[in-house]
Amino acid sequence: MSEILSRKSLSPNVFQITVAAPAIAAGARAGQFVVIIPATQAERIPLTIADSDQAKGTITIIFQLAGATTRLLTSLQVGEKIPHILGPLGVPSEIEKFGRVVVVGGGVGIAEIYPVVKALTAAGNEVVTIVGARNKELLIFQSELSVVSCQLLVATDDGSSGRKGFVTELLAEAIKERPVQRVIAVGPVPMMKACCDLTREAGIKTIVSLNTLMLDATGMCGVCRVKVGGENRFACVEGPDFDGHLVDFADLTSRLGTYKDLEKKADDHVCRLLRGKNG
Amino acid sequence: MAEDKTNARMRERPVAERIRDFEEVPLGYTAQQAVAEAKRCLQCKDPKCVKGCPVEIDIPAFIKLIAQGLPAEAASKIKETNSLPAVCGRVCPQEEQCELTCILNAKKAPIAIGSLERFAAEAESKENTEPRRSAAGSASIAVIGSGPAGLTCAGDLAKLGYQVTVFESLHVIGGVLQYGIPEFRLPKKIVDLEVQYVKSLGVKIVSDHLVDEIDGLLKEYQAVFVGSGAGLPNFLGVPGENLPGVYSANEFLFRVNMMKAYKFPEYLTPVKIGKKVAVIGAGNVAMDAARVSLRLGAEEVLIVYRRSRGEMPARREEIVRCEEEGVKFHLLTAPIALYPDQSGWVKEMECEKMELGEPDQSGRRRPITVPGSEFKLPIDTVIVAIGNSPNPLIIRRNPGVRANDRGGIIVDDRQATSLPGVFAGGDIVRGSATVISAMGDGKRAARRIDEYLRAAGQRL
């Protein structure tokens, strides 16, 4: 049971909640995640820890409304409790002094890169942060990221903020400008794949954070398996970070689509429940 | 004396009815059946059955109480050494343990000890007998994992007067009893009652709590028992194994048992079952997965196993129930590749036939490929049930605890690990074993922990 201390929407479908979870806050490191069950009948869903405050005993989670279980999570108000939250899970991101590092975030990944950028900067790296979204409205965490980055570059599909185009164009330019020792990409699978294709040619080690399906998320069920370097790896206990040049993105995409057709049915059920509860 | 040749069978729900739901299949003894069966017991002076019981139940004593019409007292007798009788009565392989060593085997059917244990446990849960709380001792012990090993260890230590806290990472208490064994074989309300009993002994249970570093725990607790259970599932290593429609048994059963996917969308975790399901493997988990598949609406369910019937590791009664329910067995058959349809979903399994050669290290005859025997089976769901490794988390985060090359914690013959004050048992040591062997480990560890703490002067 963890109380929601604050809650706000960052964009039409992206929400930020801060939760009292002292034990998780005490151990959380960049790149780790929690599993949340927002209601008795809900799924167990993995969500990245976007920030944590050890002194206050809180963690911050950013999530996108993407279906039934996240809809239940958005329905919880300040003062209400999340019935089950487990973490910190996953292997923390590798943080050391690499030199010049480009961190790319797309969609809700923009918030998920925040702790990584913060930790990399604290470790003495020159961090160039590149974020991308469909439009200006969907750009989140801009002030937070600008504080911890050397440079913050923006791309939007419609040109309503920053460069009109894709994050990969900005990444290519950053690499051309001066040598980059490492790239980290967090976001939609096509974005991560495009970044990896680009850096493979340039020979720059690139880490991606994989948001696979998960159930127990503690190394038991095997649903998070993904082919990395030709071998099955398990994102919950061996990830979520992997060497992007070795990830089989087609395998990942196909597995992520397993339940697509049932997601709508579940969401409709939750919508009916919530309408009943509110009306 | 025809009835003497067999022991009394529990009533069972008819096949046509039971394969449509998840309700329990055997219905348990009537009081009359139980007393009659209990009276067949010879009350041996040197009971062989007890030697076959990993949790050392005084079997003749509890059976005598049933024969006398005192089932609640029988349950109390069992609980002197076994905190989970309703579980054991249902899922122990008694035919390989207490019932195997029953003296009656020489001439007749052995006493149906498992069915009697279940009957006693049931009688008590109906009468809701409150157990006595033990006095709290001075030492505190942490137990990692609330499965059969952890609950047994915790219960035994609480009975000895220690303060025990169990840490469970999942949101429900019971480990494999919850996520692994289906409702129709072990109803979850039975598990909840047994957990309630362990709590009533004074054991504190914390859910949603992942134990990271044992060193940290050792600052607060004088001893630690690690019963963190099963880990990553084994896969076949054949092409196509990551296609949608291919589950590990762990995943499939977790969705259905733990997350109640069979009630989707009332419960939001989905599961997809096709028309024709192939379950790979022939252990109890494979049988469970096959029977769950039928209940989810599969039209045809196959067990695909590379050895022959004689080597199938599942309990006889589970194999029989599977067959009764219509599961088909493809023996001496091994999958070599899985192929997708146009949408990417698994649609076909290529297999080859096997024959048995010389015995291997496990003593079972090694399956050998029959050249040129490849054939394809149309299927749309595959469940891989070929075992799992121990859970990786504790090992990865605690290099001080020595593990073998399979990732299992190394223990001595009394469950002590390489780290002083830390003990382990169950699947985290064994890989994949039975509920009762895990319970035996938990019991042995509790006794050893008591000795360890006494030697350290930690006990009152």
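Me: How is chain A divided into domains?
Reply: Chain A splits into domain 1 (2-89) and domain 2 (96-207), with bounds that come from an automatic or database domain assignment. This is a predicted model, in which local features need pLDDT of at least 70, side-chain atom pairs count only at pLDDT 80 or more, and totals for chains, interfaces and linings use all residues. Residues are numbered from 1 along each chain as its sequence is written, chains are lettered from A in the order in which they are written, and side-chain values use heavy atoms, with hydrogens and water left out.

Me: And how many residues touch across the two?
Reply: In domain 1 of chain A 14 residues are in contact with 12 residues of domain 2 of chain A, contact meaning heavy atoms within 4.5 Å.

Me: What area do the domains bury between them?
Reply: Domain 1 and domain 2 of chain A bury about 1000 Å², 68% of it on carbon and sulfur atoms; buried area is the accessible area (1.4 Å probe) that two parts lose on being put together, summed over both.

Me: Switching to charges, which residue forms a salt bridge with A:D51?
Reply: A:K118 does, with the closest N and O atoms 3.1 Å apart, where a salt bridge is a side-chain nitrogen of Lys or Arg within 4 Å of a carboxyl oxygen of Asp or Glu. The rule finds one salt bridge across this domain interface.

Me: Which strand gives the most to the domain 1 side?
Reply: β4(A) does, supplying four residues to the side of domain 1 of chain A that touches domain 2 of chain A; strands are DSSP runs (E, at least two residues), numbered from the N terminus.
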